[in-house]
Amino acid sequence: MIRSALMNVMTAAALKAGRGLKRDFGEVENLQVSVKGPGDFVTVADQKAEKIVFEELSKARPGYGFIMEEGGEIEGTDKSHTWHIDPLDGTTNFLHGIPIFGVSIALAREGQIVAGVVYNPAVDDMFVAERGQGAYLNNRRLRVSGRNKLPEALIGCGIPHLGKSGHARFSQELSTVMGKVSNVRRLGAAALDLCYVAAGRYDGYWERGIKSWDIAAGLVMVKEAGGFTTDCDGGQDMLTKGSICAGNEPIQAALLNLIKGA
Ligand code: LIP
(Lines give C-alpha, C1' and ligand atoms only; values in the text may rest on other atoms or scores of the structure.)
Protein backbone atom coordinates (compact mmCIF):
# COMPACT_ATOMS: atom_id res chain seq x y z
CA MET A 1 0.00 0.00 0.00
CA ILE A 2 1.16 3.59 -0.54
CA ARG A 3 1.53 5.45 2.73
CA SER A 4 2.15 9.02 1.59
CA ALA A 5 0.41 12.05 3.10
CA LEU A 6 -1.16 12.75 -0.29
CA MET A 7 -2.62 9.23 -0.54
CA ASN A 8 -4.05 9.55 2.98
CA VAL A 9 -5.83 12.74 1.97
CA MET A 10 -7.19 11.26 -1.25
CA THR A 11 -8.33 7.93 0.19
CA ALA A 12 -9.97 9.64 3.19
CA ALA A 13 -12.01 11.87 0.84
CA ALA A 14 -12.99 8.91 -1.36
CA LEU A 15 -13.97 6.79 1.66
CA LYS A 16 -16.09 9.55 3.18
CA ALA A 17 -17.94 10.24 -0.09
CA GLY A 18 -18.17 6.51 -0.77
CA ARG A 19 -19.86 5.81 2.56
CA GLY A 20 -22.62 8.25 1.63
CA LEU A 21 -22.97 6.74 -1.83
CA LYS A 22 -23.25 3.25 -0.37
CA ARG A 23 -26.12 4.34 1.87
CA ASP A 24 -27.81 6.07 -1.05
CA PHE A 25 -27.29 3.04 -3.26
CA GLY A 26 -29.36 0.99 -0.83
CA GLU A 27 -32.14 3.54 -1.20
CA VAL A 28 -31.87 3.51 -5.01
CA GLU A 29 -32.51 -0.22 -4.97
CA ASN A 30 -35.81 0.46 -3.15
CA LEU A 31 -36.75 3.30 -5.50
CA GLN A 32 -36.46 1.11 -8.62
CA VAL A 33 -39.97 -0.15 -8.08
CA SER A 34 -41.51 3.28 -7.44
CA VAL A 35 -43.39 5.08 -10.26
CA LYS A 36 -41.21 8.18 -10.09
CA GLY A 37 -38.00 6.14 -10.17
CA PRO A 38 -34.69 7.08 -8.57
CA GLY A 39 -33.55 9.79 -11.08
CA ASP A 40 -33.75 12.92 -8.89
CA PHE A 41 -32.51 11.03 -5.86
CA VAL A 42 -29.40 9.94 -7.77
CA THR A 43 -28.69 13.51 -8.90
CA VAL A 44 -28.74 14.60 -5.25
CA ALA A 45 -26.53 11.65 -4.20
CA ASP A 46 -24.02 12.64 -6.89
CA GLN A 47 -23.97 16.29 -5.73
CA LYS A 48 -23.65 15.30 -2.08
CA ALA A 49 -20.66 13.07 -2.87
CA GLU A 50 -18.98 15.85 -4.82
CA LYS A 51 -19.51 18.31 -1.96
CA ILE A 52 -17.85 15.90 0.47
CA VAL A 53 -14.84 15.35 -1.78
CA PHE A 54 -14.54 19.08 -2.49
CA GLU A 55 -14.67 20.02 1.20
CA GLU A 56 -12.24 17.32 2.32
CA LEU A 57 -9.66 18.15 -0.34
CA SER A 58 -10.02 21.93 0.10
CA LYS A 59 -9.41 21.52 3.82
CA ALA A 60 -6.36 19.29 3.35
CA ARG A 61 -4.79 21.15 0.41
CA PRO A 62 -6.02 24.76 0.40
CA GLY A 63 -5.47 26.63 -2.85
CA TYR A 64 -5.47 23.67 -5.25
CA GLY A 65 -7.79 24.05 -8.27
CA PHE A 66 -10.67 21.73 -9.16
CA ILE A 67 -12.16 20.24 -12.31
CA MET A 68 -15.33 18.44 -11.28
CA GLU A 69 -18.14 16.69 -13.08
CA GLU A 70 -20.92 18.58 -11.30
CA GLY A 71 -19.31 21.85 -10.19
CA GLY A 72 -17.15 22.50 -13.25
CA GLU A 73 -13.82 24.27 -13.02
CA ILE A 74 -12.67 26.20 -9.96
CA GLU A 75 -9.36 27.94 -10.31
CA GLY A 76 -7.10 27.74 -7.27
CA THR A 77 -4.50 30.16 -5.96
CA ASP A 78 -1.94 27.36 -6.40
CA LYS A 79 -1.73 27.23 -10.20
CA SER A 80 0.41 24.09 -10.33
CA HIS A 81 -2.07 21.70 -8.70
CA THR A 82 -5.52 20.66 -9.94
CA TRP A 83 -7.86 17.93 -8.72
CA HIS A 84 -9.91 16.05 -11.34
CA ILE A 85 -12.99 14.65 -9.64
CA ASP A 86 -15.83 12.41 -10.67
CA PRO A 87 -17.85 11.89 -7.48
CA LEU A 88 -19.96 9.16 -9.08
CA ASP A 89 -18.49 7.45 -12.11
CA GLY A 90 -20.93 4.89 -13.45
CA THR A 91 -24.03 6.98 -12.74
CA THR A 92 -26.25 4.88 -14.99
CA ASN A 93 -25.21 1.71 -13.18
CA PHE A 94 -25.93 3.37 -9.82
CA LEU A 95 -29.33 4.51 -11.09
CA HIS A 96 -30.21 0.97 -12.13
CA GLY A 97 -29.01 -0.67 -8.93
CA ILE A 98 -25.91 -2.19 -10.53
CA PRO A 99 -22.99 -2.15 -8.05
CA ILE A 100 -20.35 -1.00 -10.56
CA PHE A 101 -19.64 2.64 -9.77
CA GLY A 102 -17.05 4.64 -7.91
CA VAL A 103 -15.58 7.87 -6.64
CA SER A 104 -12.67 8.94 -8.83
CA ILE A 105 -10.08 11.49 -7.65
CA ALA A 106 -6.88 12.46 -9.46
CA LEU A 107 -4.26 15.09 -8.80
CA ALA A 108 -2.46 16.89 -11.64
CA ARG A 109 0.82 18.66 -10.91
CA GLU A 110 2.00 21.01 -13.67
CA GLY A 111 -0.53 19.33 -15.96
CA GLN A 112 0.71 15.77 -15.28
CA ILE A 113 -1.44 13.31 -13.34
CA VAL A 114 0.66 12.26 -10.36
CA ALA A 115 -1.83 10.37 -8.19
CA GLY A 116 -5.19 8.68 -8.51
CA VAL A 117 -7.76 6.96 -6.34
CA VAL A 118 -10.86 5.06 -7.50
CA TYR A 119 -13.12 3.69 -4.78
CA ASN A 120 -16.12 1.41 -5.36
CA PRO A 121 -17.97 1.44 -2.03
CA ALA A 122 -20.43 -1.27 -3.11
CA VAL A 123 -17.66 -3.88 -2.93
CA ASP A 124 -15.15 -1.86 -0.88
CA ASP A 125 -12.51 -1.86 -3.61
CA MET A 126 -9.96 0.94 -3.17
CA PHE A 127 -7.65 1.34 -6.16
CA VAL A 128 -4.74 3.73 -5.58
CA ALA A 129 -1.68 4.80 -7.56
CA GLU A 130 0.99 7.42 -7.17
CA ARG A 131 3.72 8.27 -9.65
CA GLY A 132 6.77 6.13 -8.95
CA GLN A 133 5.03 4.24 -6.11
CA GLY A 134 3.05 1.61 -8.02
CA ALA A 135 -0.66 0.82 -8.13
CA TYR A 136 -2.63 -1.16 -5.56
CA LEU A 137 -6.06 -2.66 -5.03
CA ASN A 138 -6.58 -2.55 -1.27
CA ASN A 139 -3.23 -4.02 -0.17
CA ARG A 140 -2.40 -5.94 -3.32
CA ARG A 141 0.12 -4.58 -5.82
CA LEU A 142 -1.32 -4.38 -9.31
CA ARG A 143 0.25 -5.50 -12.54
CA VAL A 144 -1.24 -5.45 -16.04
CA SER A 145 -1.91 -8.82 -17.65
CA GLY A 146 0.76 -10.80 -19.44
CA ARG A 147 -1.47 -11.91 -22.34
CA ASN A 148 0.02 -10.74 -25.61
CA LYS A 149 -2.17 -12.27 -28.30
CA LEU A 150 -5.38 -10.61 -29.44
CA PRO A 151 -7.36 -13.88 -29.76
CA GLU A 152 -6.77 -14.43 -26.02
CA ALA A 153 -7.48 -10.86 -24.98
CA LEU A 154 -10.53 -9.65 -23.08
CA ILE A 155 -11.19 -6.04 -24.08
CA GLY A 156 -13.32 -3.43 -22.30
CA CYS A 157 -15.05 -0.63 -24.16
CA GLY A 158 -17.49 2.25 -23.73
CA ILE A 159 -20.67 2.57 -25.78
CA PRO A 160 -21.98 6.07 -26.59
CA HIS A 161 -25.37 6.45 -24.94
CA LEU A 162 -28.55 7.90 -26.48
CA GLY A 163 -28.04 11.53 -27.46
CA LYS A 164 -24.28 11.21 -27.76
CA SER A 165 -22.51 11.30 -31.13
CA GLY A 166 -20.30 8.52 -32.47
CA HIS A 167 -22.78 5.62 -32.65
CA ALA A 168 -21.84 4.62 -36.20
CA ARG A 169 -18.13 4.90 -35.54
CA PHE A 170 -18.44 2.81 -32.38
CA SER A 171 -20.34 0.07 -34.25
CA GLN A 172 -17.60 0.00 -36.85
CA GLU A 173 -14.87 -0.21 -34.22
CA LEU A 174 -16.72 -2.87 -32.24
CA SER A 175 -17.22 -5.08 -35.24
CA THR A 176 -13.52 -4.78 -36.13
CA VAL A 177 -12.36 -5.50 -32.58
CA MET A 178 -14.89 -8.33 -32.07
CA GLY A 179 -13.48 -10.16 -35.06
CA LYS A 180 -9.99 -10.28 -33.57
CA VAL A 181 -10.21 -10.63 -29.78
CA SER A 182 -11.46 -13.28 -27.38
CA ASN A 183 -14.40 -11.16 -26.19
CA VAL A 184 -15.55 -7.66 -25.30
CA ARG A 185 -17.06 -6.21 -22.10
CA ARG A 186 -18.85 -2.96 -21.24
CA LEU A 187 -18.75 -2.01 -17.53
CA GLY A 188 -20.25 1.48 -17.76
CA ALA A 189 -17.67 3.19 -15.55
CA ALA A 190 -14.52 4.40 -17.29
CA ALA A 191 -12.56 4.92 -14.07
CA LEU A 192 -13.13 1.28 -13.12
CA ASP A 193 -12.46 0.08 -16.69
CA LEU A 194 -8.96 1.52 -16.39
CA CYS A 195 -8.51 -0.03 -12.93
CA TYR A 196 -9.50 -3.37 -14.46
CA VAL A 197 -6.72 -2.95 -17.01
CA ALA A 198 -4.29 -2.11 -14.20
CA ALA A 199 -5.41 -5.22 -12.30
CA GLY A 200 -4.91 -7.48 -15.33
CA ARG A 201 -8.62 -8.31 -15.51
CA TYR A 202 -8.89 -6.64 -18.90
CA ASP A 203 -6.05 -6.86 -21.40
CA GLY A 204 -7.14 -3.66 -23.10
CA TYR A 205 -9.85 -1.00 -23.14
CA TRP A 206 -10.94 1.83 -25.40
CA GLU A 207 -13.57 4.53 -25.23
CA ARG A 208 -14.31 7.86 -26.91
CA GLY A 209 -16.37 10.83 -25.82
CA ILE A 210 -15.40 10.80 -22.15
CA LYS A 211 -14.34 13.58 -19.82
CA SER A 212 -11.06 14.19 -18.04
CA TRP A 213 -12.58 13.36 -14.64
CA ASP A 214 -13.71 9.93 -15.94
CA ILE A 215 -10.17 8.82 -16.80
CA ALA A 216 -7.63 10.99 -14.94
CA ALA A 217 -7.22 8.66 -11.94
CA GLY A 218 -7.32 5.55 -14.11
CA LEU A 219 -4.49 6.80 -16.32
CA VAL A 220 -1.94 6.83 -13.51
CA MET A 221 -3.33 3.49 -12.29
CA VAL A 222 -2.57 1.79 -15.63
CA LYS A 223 0.83 3.43 -15.94
CA GLU A 224 1.91 2.46 -12.43
CA ALA A 225 0.76 -1.11 -13.08
CA GLY A 226 3.10 -1.29 -16.06
CA GLY A 227 0.53 -0.57 -18.78
CA PHE A 228 0.27 1.91 -21.63
CA THR A 229 -2.28 4.59 -22.48
CA THR A 230 -2.82 6.78 -25.54
CA ASP A 231 -5.74 8.66 -27.01
CA CYS A 232 -7.53 6.83 -29.85
CA ASP A 233 -5.23 8.48 -32.42
CA GLY A 234 -2.10 7.24 -30.68
CA GLY A 235 -1.16 10.57 -29.05
CA GLN A 236 -1.02 11.64 -25.42
CA ASP A 237 -4.01 14.00 -25.46
CA MET A 238 -6.34 11.67 -23.55
CA LEU A 239 -7.65 14.33 -21.18
CA THR A 240 -8.31 17.01 -23.78
CA LYS A 241 -9.52 14.72 -26.60
CA GLY A 242 -11.63 12.59 -24.25
CA SER A 243 -10.56 9.37 -25.90
CA ILE A 244 -8.57 6.52 -24.43
CA CYS A 245 -6.92 3.29 -25.54
CA ALA A 246 -5.21 1.38 -22.72
CA GLY A 247 -3.70 -2.01 -22.12
CA ASN A 248 -0.56 -3.98 -21.55
CA GLU A 249 2.09 -2.99 -24.07
CA PRO A 250 1.40 -5.45 -26.93
CA ILE A 251 -2.38 -5.42 -26.60
CA GLN A 252 -2.57 -1.61 -26.34
CA ALA A 253 -0.57 -1.30 -29.57
CA ALA A 254 -2.64 -3.94 -31.37
CA LEU A 255 -5.96 -2.53 -30.14
CA LEU A 256 -4.97 0.97 -31.22
CA ASN A 257 -4.20 -0.37 -34.72
CA LEU A 258 -7.59 -2.04 -34.91
CA ILE A 259 -9.43 1.11 -33.86
CA LYS A 260 -7.47 3.35 -36.19
CA GLY A 261 -8.09 0.97 -39.07
CA ALA A 262 -11.82 0.47 -38.36
C1 LIP B 1 -19.64 7.55 -17.57
C2 LIP B 1 -18.38 6.82 -18.00
C3 LIP B 1 -18.73 5.72 -18.95
C4 LIP B 1 -19.30 6.32 -20.18
C5 LIP B 1 -20.57 7.09 -19.81
C6 LIP B 1 -20.28 8.14 -18.77
P7 LIP B 1 -20.42 9.09 -15.52
O8 LIP B 1 -19.33 8.53 -16.61
O9 LIP B 1 -17.66 6.32 -16.97
O10 LIP B 1 -17.59 4.96 -19.29
O11 LIP B 1 -19.55 5.35 -21.15
O12 LIP B 1 -21.10 7.68 -20.96
O13 LIP B 1 -19.52 9.21 -19.28
O14 LIP B 1 -21.30 9.99 -16.31
O15 LIP B 1 -21.15 7.93 -14.98
O16 LIP B 1 -19.60 9.82 -14.54
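**View 1. Strand 7 and strand 8 of the predicted model.** Tyr136 has Arg141 in strand 8 as its bridge partner. Strand 7 and strand 8 (residues 140-141) pair in the antiparallel sense over two bridges; two strands pair if DSSP finds at least two bridges between them. Helices (H or I, at least four residues) and strands (E, at least two) are DSSP runs, numbered from the N terminus. Two residues separate the strands of this hairpin, and Asn138 in the turn has a positive phi of about 50°. This is a predicted model, in which local features need pLDDT of at least 70, side-chain atom pairs count only at pLDDT 80 or more, and totals for chains, interfaces and linings use all residues. Residues are numbered from 1 along each chain as its sequence is written, and side-chain values use heavy atoms, with hydrogens and water left out.

**View 2. The two faces of strand 7.** In a regular strand the side chains alternate between the two faces of the sheet. From strand 7 (residues 134-137), Gly134 and Tyr136 point one way, and Ala135 and Leu137 the other way. All are buried (under 20% relative accessible area, 1.4 Å probe, protein chains only; exposed is over 50%, partly exposed in between).

**View 3. The hairpin of strand 6 and strand 7.** Four bridges pair strand 6 (residues 125-130) with strand 7 in the antiparallel sense. Glu130 stands opposite Gly134. Three residues lie between the strands, and Gly132 in the turn has a positive phi of about 80°.

View 4. Eight strands follow the order 2-1-3-4-5-6-7-8, with mixed pairing. Strand 2 (72-74) and strand 8 stand at the edges with a single partner strand each, so one side of each has no neighbour in the sheet.
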